Amino acid sequence: MTDLSASPAAAPVRASSSLLTLDARVRRRNAAEARFRGYGFAAILLALLALVWLLYSIFSAGLPAFRQTVIQIPVTLDAAQLDKAGNRNPDEMAKASTVTYGKVLSEALKAAVAQNGIVIEGLDDKEIAGMLSQEAPAMLRRDVLANPALLGQTITFQAYATGRVDGYYKGRVTLDSATRDSNVTPEQLHLADALKEKGLLSTSFNSGFLTMPDASDKRPEAAGLGIAILGSAYMMVVVLVLSLPIGVAASIYLEEFAPKNRWTDLIEVNIANLAAVPSIVFGILGLAIFINMAGLPQSAPIVGGLVLTLMTLPRIIIPTRAALKAVPPSIRDAALGVGASKMQSIFHHVLPLAAPGILTGMIIGLAQALGETAPLLLIGMVAFVREFPAAPPSGLFDPAAALPVQVYNWTQRGDPGFVERASGAIIVLLVFLLIMNTLAIILRRRFERRW
Amino acid sequence: MSIGILSSILLALAAAGYFIGRARAVSAAGGDTRKLHSLAGFYGQSVALFTAVPAFLLMAAWLFIQPILIESRVSGQLQQTLAPDASLSLVMADVRRLANAIDSIGTADEVAALSPEALTARLGEQGVAMGGDMSVAQVAAANEYRLLSNQSRTGMTVATIALALAGLAFALRRIRIDFRARNVTEQFVMVLMIAASLIAVLTTAGIVVSLLFETIHFFKLYPASDFFLSTTWSPKFGGGSDLGIWPLLWGTLYVSLIALIVAVPVGLMSAIYLAEYASPRVRTWVKPAIEILAGIPTIVYGLFALITVGPLLRDYFALPLGLGNSSSSVMTAGLVMGIMVIPFVSSLSDDIINAVPQSLRDGSLGLGATPSETVRQVVLPAALPGIVGAILLAASRAIGETMIVVMGAGAAAKLSLNPFEAMTTVTVKIVSQLTGDTEFASPETLVAFALGLTLFVITLALNILALWIVRRYREQYE
């Protein structure tokens, strides 16, 4: 490339007279060009690497949450111990507490260890009993109360191992770290290995992670996402039911009917700004208006849904207006030309044609609402909830958790097992988001018309 | 009657109204719908709208106002009997809990006959935990509360159904052959649409009013000058706390600054590469891939900061350099937030660079400039205002971000320059002052509203400025 910007007087100074040989200046400029291009490439690479790193770190930490170590032990359910009244009435059987079931289980485990001839030096009975999750007796009790016919039989019970034993098979706990850990001893880990050799201990898919409620601080192995998924689903229903009609109505008015005046301008500026207000401010709004003023209950999906609706509305109105705008005026003119009213032309022709675009925007808005955490923290969704909410509509007022808040909740707990659970919960959240976004893309690809 | 059943009744009435109205219009025309002013369906629609909409509005308003009225009445009675140091809001919480639990214990008279200790025990059996034993006045208040709630609920049911029926009758009476049903229906729908578009304005008003109201309340308890000028933040829930905003503001700005230092070069350079160099194929794949970063919820970034970036920075930078031993630090939060903000910078910059007219590029290239010289000396100066707008939007986003800093930046309010130290931000403190059981009378809680207002004002100013710049820039080339 010749240097035309140099003045003509300078031209004779050129070292080489041929255009085909590059002089130092051209070489420098070409090098600068290559460098600049390289920076751009590096920036993109960096951004993509960050994405990959983020996903890799979450997935490698979270995938183990979907697997759980269980100990299979034959348990003899002694009717004399578990049903003192002897009439198989679940109400009376409920008097046998988890402590009783805990004894049954630890006896069964001890018997199983002895039967298989496992001898581990320095292992006492308490340590053997400590292999099992504190949640295991409660699960056994629930099984028995649901099916009293089990009494008197010997069943094979799949008892959850404690979080530490579970962590041993996921690389979180080692023999070395066990010597320093007050919650687990190396002997217990040796016992776990021995049990595994005999086929009594195995690690398999953990469906309880998706269905069980949250568990207390000491039992990460039993903590599940059941209530959180349900609570998030309730909130999404509220958001959908409220924001779809309101968002579409507002968009139609602003795009098709609103006169161009100051008042309309004010509304439009307002919507643009609301879309950029930090989400935590909506949380404060929810706390002040819905909880303090209107007296709605804390941690209820209805409040979460209302707050998320207010937050999502502007984010839905913007793409909806774009979709309406994309429908060509000829469609409206044609409808008006054959005698339709303005309202009919919009509801019968423009809206159906814009529907795929509107739905796409709606789904993306919902996906954003699903991942939102900060406003929910302020309206009390962090509460520890063990009871599943009832079916809607009354269940909307029951306390529940939400997926992203559950993640936050688990990261605040001490046991390292909860970090794995939190990452696992993120994977569940990301899968939901992926499904929603894929749906949006499919909708757009298949139904959106280019005019 | 529960809200679900009531809503279904209203919907059923509306549906019935549609068919009755339609049939009435048809029969008024003697079966020849051509004689009607509008299509028969419009007559039905007008009836359905007049039946359902006012009734639903009444129900919503009633649900919103009922607790406020009952609360003020019951607490007014209770206040006279209360010990001067007791907190009314905590007592009211107990009263509400008891009122909800009364039905599971027995009748109101039985409850009133129980001694306070026995009552607490009975409630415990039902799984209702109380703040303490209830006084006789509280039990009476709870009974009153329950009675009023039940009365009000019955009143609401009667009133909404009556209103729905009145609407139905009114709309049916208007049906004649020459009734302009289409115009009426469309007018009605129009009003509804205007109301829907006003919700955004109402939301903003709600935000401003609730923040201002509580902030004024806060400044009555705590001097505004201390809030804006003090450089220490040490809330003590016993009273006598220092609530200066500066350490929080400093933390916020520091984290956002680091985020922008990460995001602006990366975002801008990738936007330039995508706009000027990349082939269409690369563009179609890479652009959405970078935008995935914007679609990932912030809680994911928070966890990433907490379990990966924080420990990494501590072990490989902070500890060897002797700069600190905390895994949550300004650097952690800033770096992760920077990753999050990249797509905000890159997408908007990309659009803006693409909006620079091709003729400017062609002119520059025609004069012999290399593509990079064109970008640096022609495209970027032309796009600069828009890019500044994009960066301001990213900054406002970073300042308002909550979860990353809650999980990555720490909770210690400090004025320090060391980026490897844990510091805290405005949003973190809003969360920590408002989560858990809060009482809305202490300055330690109310300060969160003042912080929220500060945050709202800062981000709003940044957004308005940014949108104004971007809009002006767009107009320049359109």
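**View 1. The interface between chain B and chain A.** Two residues are in contact if their C-beta atoms, placed from the backbone, lie within 7 Å. By that rule, 75 residues of chain B touch 76 residues of chain A in this predicted model. Which element of chain B gives the largest share of its side? Helix α7 of chain B, residues 181–221, supplies 19 residues. Sorted by class, the side of chain B that touches chain A holds 49 nonpolar, 22 polar and 4 charged residues.

**View 2. The confidence of the prediction.** The predictor scores the complex with an ipTM of 0.88 and a pTM of 0.87. For chain B, pLDDT averages 86. In chain B, 89% of the residues score at least 70. Where pLDDT is low, the predicted coordinates should not be read in detail.

**View 3. The overall form of chain A.** Chain A contains 19 helices and 3 strands. Its C-alpha trace spans about 105 × 75 × 40 Å along the principal axes. What radius of gyration does chain A have? The value is 32 Å, whereas a compact globule of 451 residues would have one near 22 Å.

**View 4. The open sheet of chain A.** Three strands of chain A form an open sheet in the order β2-β1-β3. Their pairing is antiparallel. Strands of a sheet pair through backbone hydrogen bonds, either parallel or antiparallel. Why is one side of β2 and of β3 in chain A left without a neighbour in the sheet? Both β2 (154–160) and β3 (201–205) of chain A stand at the edges with a single partner strand each, so one side of each has no neighbour there. From one strand to the next, the twist averages 40 degrees.

**View 5. The pairing of β1 and β3 in chain A.** Strand β1 of chain A covers residues 67–76. How many bridges link β1 and β3 of chain A? The two strands pair over 5 bridges, in the antiparallel sense. Look for T69(A): its bridge partner in β3(A) is T203(A).

Key: Residues numbered from 1 in each chain as written. Chains lettered and ligands numbered in written order. Predicted model: local features only at pLDDT ≥ 70, side-chain atom pairs only at ≥ 80, totals over all residues. Helix = DSSP H or I, 4+ residues; strand = E, 2+ residues; numbered from the N terminus. Nonpolar A, V, L, I, M, F, W, Y, C, P; charged D, E, K, R; others polar. Pairing = 2+ DSSP bridges. Axes fitted to C-alpha atoms, helices over the stretch in contact; angles between N-to-C directions. pLDDT = per-residue confidence, 0-100. Rg over C-alpha atoms; globule rule 2.2 N^0.38 Å.
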